[in-house]
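Let's take a friendly walk through a few local features of this protein. Have the chain open beside you as you read.

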Amino acid sequence: MLDNVRVILVNTSHTGNIGSTARAMKTMGLSELYLVDPVSEPDSKASALAAGATDVLGNAKIVSSLDEAINDCNLVIATSARSRTLSWPVVSPREAGEKLINEAQTGKVALIFGRENNGLSNDELQKAHFHAVIPANPDYSSLNLAAAVQTLCYEVRVAHLASVEQGHQHTEEAYPLVEDLERFYGHLENTLAKTHFIVANHPGQVMAKLRRMFNRIRPDSQELNILRGILSSIDKVAKKD
């Protein structure tokens, strides 16, 4: 299960944080690290701070976009330190660990961490099913990147150990990959544009709110296929008109 849990760092500025992340991951049994458009690739400073986790660091995959890092994942949880203008389903670190391990039994899952100075953008946060918020001291809630990674990875390990003890019980639903969800959202937006429900040049927050709704509902693969079929039937009628 732990092999299916992917840690993703987005646009990391300091290579030392990459090395410290690798160390935090290995202490909790995680090994799959993705780096999305890092300012600098891992260097000697990263290796020094990775300590005995240079294998995790050396096997890290560098990709150019967040989409590339999460497309093959069934579940994506993004970390966020503050509330946003558009609220999103929020889980605690403990709940995040449980959800990740539950679905890691059948496919890839991802935990995303943002930039050191300003975290993840709203667009990046909207690619996640849930947001995990660490309940830090409100008077001093500043956590460095490696500390945040360590906290979440610890909860993943706790959930993993509990799952092993309970005999790997998990839900039976087969959830779609992120890339399948993105195709659905693209299809939905195109159909709503054809029916003039949204205006292409002024879409507003409609698609963001629909993403939030479907992330909250979490349609499984069969349900998503039904939704795609409904959209296709609407497309056919719209084309005739």
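In which helix does Glu155 lie? The answer is helix α7, which covers residues 145-166. Please keep in mind that this is a predicted model.

## Glu155 and its surroundings

With a relative accessible area of 10%, Glu155 is buried, because it falls under the 20% cut-off. Its side chain makes a polar contact of 2.4 Å with the side chain of Arg94.

Leaving aside residues up to four places away in sequence, Glu155 touches Pro93, Arg94 and Gly97.

## How α8 meets α10

Now turn to helix α8 (residues 178-194) and helix α10 (residues 221-240), whose axes are 10 Å apart and which pack at an angle of about 25 degrees. That angle makes α8 roughly parallel to α10, since angles under 35 degrees count that way. The crossing of the two helices is left-handed.

On the α8 side, the residues in contact include Phe184, His187 and Leu188; on the α10 side, Leu227, Leu231 and Ile234 are among them. Taken together, the residues of this contact divide into 7 nonpolar, 3 polar and 5 charged.

## Two loop residues with positive phi

Asn11 is not a glycine, yet it has a positive phi of about 55 degrees. You will find Asn11 in the loop between β1 (5-10) and α1 (15-27), where it counts as partly exposed at 22% relative accessibility.

Asp37, also a residue other than glycine, has a positive phi near 45 degrees. Its loop runs between β2 (32-36) and α2 (44-50). At 44% relative accessibility, Asp37 counts as partly exposed.

Notes. Residues numbered from 1 in each chain as written. Predicted model: local features only at pLDDT ≥ 70, side-chain atom pairs only at ≥ 80, totals over all residues. Heavy atoms only, no water. Helix = DSSP H or I, 4+ residues; strand = E, 2+ residues; numbered from the N terminus. Buried < 20%, exposed > 50% of the residue type's maximum accessible area, 1.4 Å probe, protein only. Polar contact = N/O pair within 3.5 Å; in protein donor to acceptor, adjacent residues only side chain to side chain. Contact = heavy atoms within 4.5 Å. Axes fitted to C-alpha atoms, helices over the stretch in contact; angles between N-to-C directions. Parallel < 35°, antiparallel > 145°, perpendicular 65-115°, else oblique. Left-handed = near helix turned anticlockwise from the far one by under 90°. Nonpolar A, V, L, I, M, F, W, Y, C, P; charged D, E, K, R; others polar.
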